[in-house]
Amino acid sequence: MMVVRAPRWPQLRRARWCGTAATPTAAPGAPPQVVDKGPPPTYKKVVVTPLFESRRRVLVLGTGWGGFNFLRGIDTQKYRVSCVSPANHFLFTPLLPSCAVGTLEFRAIQEPVRTIPNLDYYQAKAIGIDKENRVVRCRDIFKEHEFDVPYDYLVVTCGSKTSTFNTPGVIEREGRDILFLKHLHHARQVRMRILECFERAAMPSASHDERKRLLSFVVVGGGPTSCEFVGELYDFIVEDCTKWYPDLKTYTSVTLVEAGPALLGSFDQRLSQYVLGRFKTRNINVRLDVSVKSVEGNMALLSDDSVLPFGMMVWSAGLQPVKFANALDLPKGPTGRILTDETLKVKGEDSIYAFGDCAVMEDRPLPPIAQAAAQEGAYLSKVFNSTMLGPQSAKYPVAPFVYNSFGSMAMLGGWRAVADFSHVGSTGKTKDLGGITGRTAFLVWRAAYWGKQVSMINKILIPMYWLKAWMFGRDISRF
């Protein structure tokens, strides 16, 4: 049998530093003596900073297609990477029109930036660059406190914003009945405004003319975003709104206004004609070679002197540089985009790079589209990863960026789409693989964009929302 002895000095085992201490100097069997040692010691927290940080500091401005792909690709063990952006997520913009009508939910098309490991992220806006001291002045979006973020290499990928072409009345009414469709909060505004128009038109006090105006939806622009939103909007009205607002069915109308001679001007002409015919079949009013001259109240004055009343106007007619990019003391192109060389380095700068919608290569300009920005971000991250000391100190010359086009797609609603593969391949070596229309193109469109999702959770959520919208319809709650 095991015998466990009690501790010889139990008071010693229970002693704690509280101003006194027990000492075993007494005779055996006697209680221990207590000696006063004064107050307990205090400890000061010391932060140890290495005398030399071997990792170079890389600061990224923006979390769009270019910035997010650069952050995902760069080796954060080699570089100390920081990111400044007012949006703490990456937005999968091709599916934004689907969110605007409830086919998909908002969180299914965004990826949090903080999921990237070893990243210092600040939810703020960059307001200026001090090139001499290599710091970027920032302002947080919560209390507007200003702070500096240092860098060794600066990557500017701040994107662009919607251009109104200085049309009178648009900016004044933006956010109320004139809405943009570029960011996640825009899609939420559009969705709430559609439902607000139907609820206001359902009021007994609404007159016949007021109901027609409220349920007149106008989309300005003939690009992929506008065409996709028109298709989603028409499906939402026909498949859901008329079911829950049957008395308002005859009042609804959808109009698409495009200043150019054709829709989807960058697509093959045969596909553009298919889109036009498809919209006319669905009773969507398409106005080509017509622009919006001004907006007065709830009336749009068009260039052909006609007047178009509306309850909601979605403006998606063009792009322009953001204020931050405009204010930078960097070389600019004719459209205000930052000029870079073929390695995406800003002209005349050694440590500043720029790409995406806010920048353009001087010798080989690319359109401001998502796939170009994504490829530029992936390319530049590989350049940085090729050396520990930065891209300009690589042992071999940096290969220029080469853009590879994978084609263009647009969803038209009603399980139809178009896919243009007439210019597939790298610059100067493109191939004409034709185009696809109808249900086949729709399946290609959904499969391609599902496969481009970053996280597994979105790859699960998106098909679930597609199935839910098909089986049970879209949500019409307004909150």
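Is Leu344 buried or exposed? With a relative accessibility of 1%, Leu344 counts as buried, where buried means under 20% relative accessible area, exposed means over 50%, and partly exposed lies in between (1.4 Å probe, protein chains only). Before we go further, a word on the ground rules: this is a predicted model, in which local features need pLDDT of at least 70, side-chain atom pairs count only at pLDDT 80 or more, and totals for chains, interfaces and linings use all residues. Residues are numbered from 1 along each chain as its sequence is written, and side-chain values use heavy atoms, with hydrogens and water left out.

Let's start with the whole protein. Its secondary structure comes to 12 helices and 29 strands; these are DSSP runs numbered from the N terminus, with helices being H or I of at least four residues and strands E of at least two. Of the 479 residues, 48% are buried. Among contacts with a separation of 6 or more, 60% join residues 24 or more positions apart, a contact being heavy atoms within 4.5 Å.

Back to Leu344, which sits in the loop between strand 22 (338-340) and strand 23 (352-354). Its phi is near 70°, a positive value in a residue other than glycine. Phe165 also has a positive phi without being glycine, near 55°. Phe165 belongs to the loop between strand 12 (160-162) and helix 4 (170-173), and at 55% relative accessibility it counts as exposed.

Now turn to Asp420, in strand 27 (residues 416-420). Asp420 has a relative accessible area of 6%, so it is buried. Asp268 lies 152 residues away from Asp420 in sequence, yet their C-alpha atoms are 6.6 Å apart. Setting aside neighbours within four places in sequence, the contacts of Asp420 are Ser266, Phe267, Asp268, Leu271, Gly407, Ser408 and Gly434.

Helix 10 (residues 370-385) is our next stop. Its 16 residues should span 22 Å at 1.5 Å a residue, and its end C-alpha atoms are 23 Å apart, which agrees; the expected span is 1.5 Å times one less than the number of residues. Buried residues of helix 10 include Ala372, Gln375, Glu376, Tyr379, Leu380, Val383 and Phe384. Among the elements covering the buried residues of helix 10 are strand 3 (56-61), helix 2 (65-73), strand 4 (79-84) and strand 23.

Asn458, Ile462, Trp466 and Ala469 are buried in helix 12. Seen down the axis, the buried residues of helix 12 fall within an arc of 75°, so they line one face of the helix; the arc is taken from the directions from the helix axis to the C-beta atoms. On the other side of helix 12, Met456, Ile457 and Phe472 are exposed. The buried residues of helix 12 pack against strand 6 (110-112) and helix 11 (438-451).

How do those two helices meet? Helix 11 and helix 12 pack at an angle of about 150°, with axes 10 Å apart. That makes helix 11 roughly antiparallel to helix 12. Arg446, Trp450 and Gly451 of helix 11 make the contact with Lys459, Pro463 and Trp466 of helix 12. Axes here are lines fitted to C-alpha atoms, for helices over the stretch in contact, with angles from 0 to 180 degrees between N-to-C directions, and angles over 145 degrees count as roughly antiparallel, under 35 as roughly parallel, 65 to 115 as roughly perpendicular and the rest as oblique. Finally, helix 12 is followed by Gly473, whose phi is positive, near 90°.
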